[in-house]
Amino acid sequence: MALLASALVAGAQAAVFQRDVVTGFVTEIGASTQDVIGSVQAVWTVMANGFSINSGIGDIDRLLSRGGMDSMLLTIWLIIGAVTFGALLEKFGLIDRLVQPMIAAAKTTGRLYLSVFCTGFGLNIAAGDQYIALVLPSRIFRVEFAKRGLAPQNLSRLAADSGTVTSPLVPWNSCGAFMGAVLGVPTLLYLPFALFNIASPALSVFYGYTGFKVVRAEPVTESEGA
C-alpha cells in the first residue's frame, strides 16, 4: 500500500510540477489532449511500461529511464510460481515429512537452530522465493520452540536470518535473480563478497549452540499449544 500510494502521489505531483515533461510524454504515446485525462493516461502508461528521458546527462537518463511493471514481470512470475509451489508442498504435507525427522534428531538447542537454518536455506533453493523460506519454517518450528521453552523472538530472528538473508545468494531465487539483473553481476560472482549474508545466519546458529542471546520462556505442552 505504501509503494502504491507513493507511486500515485508521485504521478499527481508530476502532472502539476513537471507539466512540460508530462505534456511531451502525452504527445509521444498519443494520449488524450485534455489535461486531466491525458495526465491520468500518462501516469498509467508510465507505471505499466516505464518512462524514458533524454536529458543529455547519462547518469540521470539511466536513473529515470525505467521499464515500469512490464520490466518486473519475470520476477513477478517467479514469485507467483514459487508461492504456488510452496503452498502445494505445505498442503500435501511434504514439508512436514522432510522436517519432522530433523526435529526428532535435533536433541539440543544448537541442532534445532541448525535445522531451522537448513530448512530456510533449503526452501530458498527448492522453492525459489524468500517469502516461503521465511514463513514456512516459522510455522513448522513454532510448536517445537514453544515446547522447549524458547521464546518466539528466537525463531523470528533465526527464520529471518536463514530465509531472508540467504535468498540473494541463490541465482534462481527471486531476490538473487533481481539483484543479479539490477547489478549486472551474476549471483555466484558477488556471493563471496556478501559477507553479511553469510555471517548473519552463521552467527544465529552459533547463538543456538552457545546459548548466547537465547531468550527463554515457560515451556508449553502440546495440548496448550493447540
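What follows is a chat about a predicted model of a protein.

Visitor: Hi! How many helices and strands does the protein have?

Guide: Hello! In this predicted model, the protein has 13 helices and zero strands. Read from the N terminus, the order of elements is α-α-α-α-α-α-α-α-α-α-α-α-α.

Visitor: And is the protein spread out or a compact globule?

Guide: The radius of gyration is 23 Å, while the globule rule gives 17 Å for 226 residues, so the protein is more spread out than a compact globule. The C-alpha trace spans about 70 × 40 × 30 Å along its principal axes.

Visitor: What share of the residues count as buried?

Guide: Of the 226 residues, 34% count as buried. The protein exposes about 13700 Å², and 69% of that comes from carbon and sulfur atoms.

Visitor: What about contacts, taking residues at least 6 apart in sequence?

Guide: Among those contacts, 60% join residues at least 24 apart.

Visitor: Okay, charges. How many positive and negative ones are there, and how far apart are their mean positions?

Guide: There are 14 positive and 14 negative charges. Their mean positions are 13 Å apart.

Visitor: Let's change topic to rings. How many aromatic pairs are there?

Guide: The count comes to three aromatic pairs. One of them joins Phe117 and Phe121, which are stacked, with 5.9 Å centre to centre and 5 degrees between the planes.

Visitor: Why does that count as stacked?

Guide: The pair counts as stacked because its planes are 5 degrees apart, and the cut-off for stacking is under 30 degrees.

Visitor: Where do Phe117 and Phe121 sit in the chain?

Guide: Both are in helix H7, residues 109-126. They are four residues apart there, so about one helical turn separates them.

Visitor: How accessible is Phe121?

Guide: Phe121 is partly exposed, with a relative accessible area of 28%.

Visitor: Nice. Now some glycines, please. Where is Gly149?

Guide: Gly149 is in the loop between helix H8 (130-147) and helix H9 (152-164).

Visitor: Buried or exposed, that Gly149?

Guide: Gly149 counts as buried, at 3% relative accessibility. The cut-off for buried is under 20%.

Visitor: Which residues is Gly149 in contact with, leaving aside neighbours within four places in sequence?

Guide: Gly149 is in contact with Val215, Arg216, Ala217, Glu218 and Pro219.

Visitor: And how far is Gly149 from Phe121?

Guide: Their C-alpha atoms are separated by 24 Å, and Gly149 and Phe121 are 28 residues apart along the chain.

Visitor: Which helix holds Gly208?

Guide: Gly208 lies in helix H12, which covers residues 195-210. With 6% relative accessibility, Gly208 counts as buried.

Visitor: How far apart are Gly208 and Gly110, in sequence and in space?

Guide: In sequence, Gly208 and Gly110 are 98 residues apart. In space, the C-alpha to C-alpha distance is 4.2 Å.

Visitor: What about Gly38?

Guide: Gly38 is found in helix H3, residues 35-49, and is buried, with a relative accessible area of 1%.

Visitor: Switching to backbone angles: what is phi of Lys213?

Guide: Phi of Lys213 is near 65 degrees, a positive value in a residue other than glycine. Most residues other than glycine have a negative phi. Lys213 is in the loop between helix H12 (195-210) and helix H13 (222-225).

Visitor: Last one: where is Thr27, and is it buried or exposed?

Guide: Thr27 lies in helix H2, residues 19-29. Thr27 counts as exposed, at 62% relative accessibility, because the cut-off for exposed is over 50%. The C-alpha atoms of Thr27 and Ile60 are separated by 22 Å, with the residues 33 apart along the chain.

Notes
Residues numbered from 1 in each chain as written. Predicted model: local features only at pLDDT ≥ 70, side-chain atom pairs only at ≥ 80, totals over all residues. Heavy atoms only, no water. Phe/Tyr/Trp six-rings, centres within 6.5 Å; stacked < 30°, edge-to-face > 60°. Helix = DSSP H or I, 4+ residues; strand = E, 2+ residues; numbered from the N terminus. Buried < 20%, exposed > 50% of the residue type's maximum accessible area, 1.4 Å probe, protein only. Rg over C-alpha atoms; globule rule 2.2 N^0.38 Å. Contact = heavy atoms within 4.5 Å. Areas by Shrake-Rupley, 256 points an atom, 1.4 Å probe, with all protein chains shown as cover. Lys, Arg positive; Asp, Glu negative; His and termini not counted. Charge placed at Lys NZ, Arg CZ, Asp CG, Glu CD.
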